[in-house]
Amino acid sequence: MGIKKFIKRAKEILGLEDEKKESKKKSLKRLLKKLIKRKREICTMLKDKKSKELQEELDIVSLQIKKGKKILHELYKSN
């Protein structure tokens, strides 16, 4: 048995982690990183040229980041 399997089994037996919550947290963190990266790209494009479409996309991305952070906070809070 490898080290990772041993640790995983020990956590399961002791009930230390809920794997579904952990995978949700990881997925949400990855998504937030991508959204933040996209927000930075849009901001740099807005510096070059002002566009209503870019501003709308920035607003949408910002809102999604806010919602994602709220969900992530709730997942950590429920532990």
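Reply: Buried residues make up 16% of the 79 residues in the protein chain, where buried means under 20% relative accessible area, exposed over 50%, and partly exposed in between (1.4 Å probe, protein chains only). This is a predicted model, in which local features need pLDDT of at least 70 and side-chain atom pairs count only at pLDDT 80 or more, while totals for chains, interfaces and linings use all residues. Residues are numbered from 1 along each chain as its sequence is written, and side-chain values use heavy atoms, with hydrogens and water left out.

Me: What makes up the secondary structure of the protein chain?

Reply: There are 3 helices and 0 strands, in the order α-α-α along the sequence. Helices (H or I, at least four residues) and strands (E, at least two) are DSSP runs, numbered from the N terminus.

Me: Why is the pair Arg38 and Glu57 called a salt bridge?

Reply: A salt bridge requires a side-chain nitrogen of Lys or Arg within 4 Å of a carboxyl oxygen of Asp or Glu. The N to O distance for Arg38 and Glu57 is 2.6 Å, so the pair qualifies. Arg38 lies in helix α2 and Glu57 in helix α3 (residues 52–77), 19 residues apart, and the pair links distant parts of the chain.

Me: What makes Arg38, Glu41 and Glu57 one network?

Reply: Their salt bridges share partners. Arg38 also pairs with Glu41, with the closest N and O atoms 3.3 Å apart. Arg38 and Glu41 both lie in helix α2 (residues 19–48), 3 residues apart, about one turn of the helix. The count of salt bridges by this rule comes to 2.

Me: Are Arg38, Glu41 and Glu57 buried, exposed or partly exposed?

Reply: Arg38 has 28% relative accessibility, so Arg38 counts as partly exposed. Glu41, at 33%, counts as partly exposed, and Glu57, at 29%, counts as partly exposed.

Me: Why is the set containing Leu28 and Leu75 called a nonpolar core?

Reply: A nonpolar core is a set of buried Ala, Val, Leu, Ile, Met, Phe, Trp, Tyr and Cys residues joined through side-chain atoms within 4.5 Å. The largest one has 11 residues, including Leu28, Leu32, Ile42, Val61, Ile65 and Leu75. Helices α2 and α3 each supply at least two residues of this core, and the largest share, 6 residues, comes from α3.

Me: Which residues does Leu32 touch, not counting residues up to four places away in sequence?

Reply: Leu32 touches Ile65, Gly68, Lys69 and Leu72, a contact being heavy atoms within 4.5 Å.
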